[in-house]
Amino acid sequence: MNIEPIAHIENDFKEKFGIPRQSGICQLRSKIVFEPKYSDINALRGLEDFTHIWLVWGFSEAVCGEFSPTVRPPRLGGNVRKGVFATRSPFRPNSLGLSAVRLEEIRADGTLIVSGADLMDSTPIYDIKPYLPYADSISDASNGWAAEFIGEQIDVEFPEELLEKIPAEKRNGLLRLLAEDPRPQYQDSPERLYTMSFGEYQISFRVCDDKLTVIDVFTSDEE
C-alpha cells in the first residue's frame, strides 16, 4: 500500500525537544494545511459537526534503522525496555502516529485550526477522521505502565518580565507544557541549562528539586 501526505501541520514546535508527550495535554493551537491535490472544501463537508478529530501522521524526523522489538521510553529514564507495540515510540516499523485533537475552526480556505496537537511543525498528515465518543472512548480502559505518570507535573517559575515576551494567547499553553517537564527523564543535573524552541522564541531553563525555572526568553535575533 502506498500512502502520501494529504496535509501538513504548522505550529510553534520547531524541534523535537519540547513537543508535548501526548495529544490533548497542552491546548496550544496548530494549523492544518492541505496539499493542493486534497485542498477541496467539499472534503470537509460535515466535519463542522464534530468537536474532535483523529490525525494519522508520520514521525518524519525519526530515523528508523533495523527493526528492534524493544525500545527505551524516555519517560522511564531511558534504561527500561518495553516492547515497541506497548509504547508510543516514534521508532516503529512504519513510523505512524495517531493523535486526537480538538477542532477549533474550519476556515473558508479549507485550513483547519486545532488545539492539543503533539506534532512537530511541518509533520506530514496522512489521514483525518472524526472522533466518535460513543465508539472511541472506552471508560474502563487501563493505562498500563503509563498510569504512574498521569497528572505528574512540576512547579514552574516564569518571571513576569520574561513571560510578557510571549504572546498572551500562548502563555497558558506554554506554562502547561513546561509543567510536564520536557527533559528526558535520564537528564536530571540541576546545573544543566536547557533551551527549547517555541515558535520564534528560545526558552532557556533549569530544573532543580522538581522546580523548573525559566532563565531567559529570546529570539534568534537577540542571541
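Author: With a convention for sorting residues: Ala, Val, Leu, Ile, Met, Phe, Trp, Tyr, Cys and Pro count as nonpolar, Asp, Glu, Lys and Arg as charged, and the others, Gly among them, as polar. The model here is predicted. By that convention the lining of the largest cavity divides into 3 nonpolar, 2 polar and 2 charged residues.

Reader: Which residues line the largest cavity?

Author: Its lining consists of Asn11, Asp12, Phe13, Leu28, Arg29, Ser30 and Phe198.

Reader: What lines the second largest pocket, and how much space lies in it?

Author: A pocket, unlike a cavity, is an open set of points. About 250 Å³ of space lies in the second largest pocket. Asn11, Asp12, Leu28, Arg29 and Ser30 are among the residues lining this pocket, and they are also among those lining the largest cavity.

Reader: Where does S2 sit among the strands?

Author: S2 belongs to a closed barrel of 6 strands in the order S1-S2-S7-S6-S3-S8, with antiparallel pairing. From one strand to the next the twist averages 45°. S2 and strand S7 (residues 112-115) run antiparallel and are joined by 4 bridges.

Reader: How many bridges join S3 to S6, and over how many do S3 and S8 pair?

Author: Strand S3 (residues 52-58) is joined to strand S6 (residues 96-106) by 7 bridges, and the two run antiparallel. Trp57 stands opposite Gly97 in S6. With strand S8 (residues 124-130), S3 pairs in the antiparallel sense over 5 bridges. There, Ile53 has Pro130 in S8 as its bridge partner.

Reader: What is the strand order in the open sheet, and which strands stand at the edges?

Author: The open sheet has 4 strands in the order S9-S12-S11-S10, and the pairing is mixed. Strand S9 (155-157) and S10 stand at the edges; each has a single partner strand, so one side of each is left without a neighbour in the sheet. The twist averages 30° from one strand to the next. Strand S11 (residues 201-208) runs antiparallel to strand S12 (residues 211-219), and 8 bridges join them. Cys208 has Lys211 in S12 as its bridge partner.

Reader: Is Asp181 buried or exposed?

Author: Buried means under 20% relative accessible area. Asp181 counts as buried because its relative accessibility is 7%. Asp181 is found in the loop between H3 and strand S10 (194-198).

Reader: What does the side chain of Asp181 make a polar contact with?

Author: The partner is the side chain of Arg183, at 2.8 Å.

Terms used
Residues are numbered from 1 along each chain as its sequence is written. This is a predicted model: local features need pLDDT of at least 70, side-chain atom pairs count only at pLDDT 80 or more; totals for chains, interfaces and linings use all residues. Side-chain values use heavy atoms; hydrogens and water are left out. On a 1 Å grid over the protein atoms alone, a cavity is a set of points where a 1.4 Å probe fits but cannot get out, and a pocket is an open set with protein on both sides within 12 Å along at least five of seven lines; lining residues have an atom within 4 Å of a point. Grid points are joined across faces, edges and corners, and a volume is the space filled by probe spheres set on the points. Two strands pair if DSSP finds at least two bridges between them. Axes are lines fitted to C-alpha atoms, for helices over the stretch in contact, and angles run from 0 to 180 degrees between N-to-C directions. Buried means under 20% relative accessible area, exposed over 50%, partly exposed in between (1.4 Å probe, protein chains only). A polar contact is a pair of N or O atoms within 3.5 Å; within protein, one must be able to donate a hydrogen and the other to accept it, and residues adjacent in sequence count only if both atoms are side-chain atoms.
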